[in-house]
2 protein chains.
Amino acid sequence: MGPLMDLDRSAAEALDAVDPLAWFRDRFVIPDGIVYLDGNSLGMLPRATVARLAAVVSQEWGERLIRGWSEGWMELPNSVGDELGSAVLGAAPGQVTVADSTTVCFYKLASAALDLRPGRTEILTDLDNFPTDRYVLEGLAATRGLTIRWLSGPADGGISVGDVASAVGDRTALVTLSHTAYRSGFIADMAGISAAAHETGALILWDLSHSAGSVPLALDRDGADLAVGCTYKYLCGGPGSPAYMYVRDELQEQLRQPIWGWLGREDPFAMAAGYVPAAGVDALRSGTPPVLGLACAQEGIRIVSEAGVPAIRAKGIALTSYLIEVAEGLLAGFGVGVGSPRDPAGRGSQVALTHPDARGLCAALIHRGVIPDFREPNVIRFGLAPLTTRFVDVWDGLNTLRDLLASAAGGSSRP
Amino acid sequence: MGPLMDLDRSAAEALDAVDPLAWFRDRFVIPDGIVYLDGNSLGMLPRATVARLAAVVSQEWGERLIRGWSEGWMELPNSVGDELGSAVLGAAPGQVTVADSTTVCFYKLASAALDLRPGRTEILTDLDNFPTDRYVLEGLAATRGLTIRWLSGPADGGISVGDVASAVGDRTALVTLSHTAYRSGFIADMAGISAAAHETGALILWDLSHSAGSVPLALDRDGADLAVGCTYKYLCGGPGSPAYMYVRDELQEQLRQPIWGWLGREDPFAMAAGYVPAAGVDALRSGTPPVLGLACAQEGIRIVSEAGVPAIRAKGIALTSYLIEVAEGLLAGFGVGVGSPRDPAGRGSQVALTHPDARGLCAALIHRGVIPDFREPNVIRFGLAPLTTRFVDVWDGLNTLRDLLASAAGGSSRP
């Protein structure tokens, strides 16, 4: 199988040679000696971010000092939010702001949504939703005496419109799901599920963390009420960069988030007595905007915007399809399964491969410079960020995995 | 008075010449052409931060990517918290963590404190407390049906032990105050007020934003239960850098903060079902730590630590005393008052000068390159960060103010 493997790498090289997004890799800092397949955990560093951050620090903070707040900093949450809304989320201006961590943003919007549905006693979510969403909901449910109704989809999939439609009812205050499931990569039907929630008067809150910057989103069109997401995955905002909140225009006047800070108040620098929420998404703010993180998020969003989500999506489908194809060829007989949807339209820019020793294999891969991540209980998750991942990276990663599996099977290169 | 003024500036120069902290100014980026007297709003940029941030971005994020989380990033909130606790807060290790904005931190701790005193119906705070604290409390009180009892101190002072002692009672769940008042600079008696709160079984939460890095703090010794503060003022963490929370050791097991995120859970990467709070201050975490902001905060804290709070405090007293003295000489007869405590021991590293046209004067000062800030209704606030402010800066600032007042009074240099 040696020659065949060479052939296979040539095939990857050929795919890279015709990849219209290949040149975007030069816009990023690419570390030597590793094959990075974890861009859905932490996106790579855009070169533009290095320059921008140096300018924000040395010229803005260093030279302008407090004047920076009236020279653009205070507007960053909303201006970055609008850029994100337009380029990535399918959201018209004035509905997105960037602030806080994803967890805090999710808490604010989930709490505010529950306040809008008093008397309703249930929250509907996915048993396999991203952990922070589940834990926030548990906290809110405990405080308010609500019940969480846990939906359950297949391990290689997620929650369908039918799952939601059959569980939602007039007791449901809030339905909340990840748009792309963090482990399987399953893409939920935003329009269908939002409609099913609305059918019974529930609100819908989407977590877009594993979608934004990799798959098309149309929040306005698809009936999302509320959404949150992080900027450090496909949006390349850097470790712990701030998250964003989307609140549909029509809901903004009634929605009241729970953390009443000075920067969410009307005319904050009056520092007056009594909290009066600011108009629009400004009311979602609490504390002082994290300027450095916002600048980094903005640079990442701009690269995504420049490449365009349709082109990114096309490459994401090609990469994940290629990975599954190569896995089925190279890894056949080693007990590796595919834990992601087979239909590329229903799959984000990530693939879960399953194996009983996924944890050990993942550690061994990282030791050899191939970086995916492990997800409980049995998943090696490959996040194929389309702007920085080459087809040869996929091939190299799986070929290394094949070597590891073959050694474990006793040195034979064919099981 | 011309020659006298020259003499006065020489006096400032003489004070600078013998200032043992003068050399710390070289550790900061100092903008040309301005006199910066607003270090209590936004601290100057440490040169070390420029280098550190470049390393964190290019070497850690750029090269190590997701591996950064297991190579120190995940520990930053607590390691920076412990450095801050030891150097600045008077807090033994394991009681401080850095995360989120001050507003979100204040919300978490105030909410958690109220949960620990069920059945009690009142919150006690200062009518002139920093706005974000007041607004957060209003939000919590509205949700829980509690009453806020507003204490009121003199405009040039703050809340005394007696004020608290006579208002606190068995209905009081929480007493919360700023340690240094944001407008007047009044320093509250932490030990006395904490004891008065405890006398009736209330908890005490301190906002240290205008104290930390400028005046001595001894949270452990002085009986603080809880505290929060920002890192972008005297701690020089940069615009919107993350805040910190202190929870006294004995309270940590019972205290449960409301935003149950994945990183506050025991064994977060198990991503298991059901929130179980982590041990110690880890349970205060919600979302992903903001790595860049944490690195900046750490550098600022390290400079403060190196200089030492006692030396910083000594210079802060000298600077503010000098400012008041010069104001009383240079500005006599122009309707300028002192809106800060006269006793230097009771005053932070800031001075409020009052004038009916404070707003206009402040704008005119900034136009001339002298940067204090305006605070409603009639205060020009001078924040004299001891590591970066020279006595000549104080003199130059007040001399410019004198010119403005004299022009307004008709060009006479003596009113």
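The model is predicted, so local features are reported only at pLDDT of at least 70 and side-chain atom pairs only at pLDDT 80 or more, while totals for chains, interfaces and linings use all residues. Residues are numbered from 1 along each chain as its sequence is written, and chains are lettered from A and ligands numbered from 1 in the order in which they are written.

Chain B is superposed on chain A by a rotation of 180° with 0.0 Å of shift along the axis, at an RMSD of 0.0 Å (least squares on C-alpha atoms of residues with pLDDT of at least 70 in both copies). This is the relation of a two-fold axis. Within chain B, the C-alpha of B:Asp100 comes closest to that axis, at 3.2 Å. The copies meet through the same surface, because 100% of the interface residues of chain B are also interface residues in chain A.

Turning to the fold of chain B, seven strands make an open, mixed sheet in the order E2-E8-E7-E6-E5-E3-E4 (strands are DSSP runs of E, at least two residues, and helices runs of H or I, at least four, numbered from the N terminus; pairing requires at least two DSSP bridges). E2 (96–98) and E4 (147–151) of chain B stand at the edges with a single partner strand each, so one side of each lacks a neighbour in the sheet. From one strand to the next, the twist averages 20°.

E3 (residues 122–126) of chain B pairs with E4(B) in the parallel sense over five bridges, and B:Ile123 stands opposite B:Ile148. Helix H5 (residues 131–144) of chain B packs on the sheet, touching E3, E4, E5 (172–178) and E6 (203–207) of chain B (contact means C-beta atoms, placed from the backbone, within 7 Å). The direction of H5 makes about 165° with that of E3(B) (axes are lines fitted to C-alpha atoms, for helices over the stretch in contact, with angles from 0 to 180 degrees between N-to-C directions). Helix H7 (residues 190–199) of chain B lies across E5 and E6 of chain B, at about 150° to E6(B).

Terms used:
Two residues are in contact if their C-beta atoms, placed from the backbone, lie within 7 Å.
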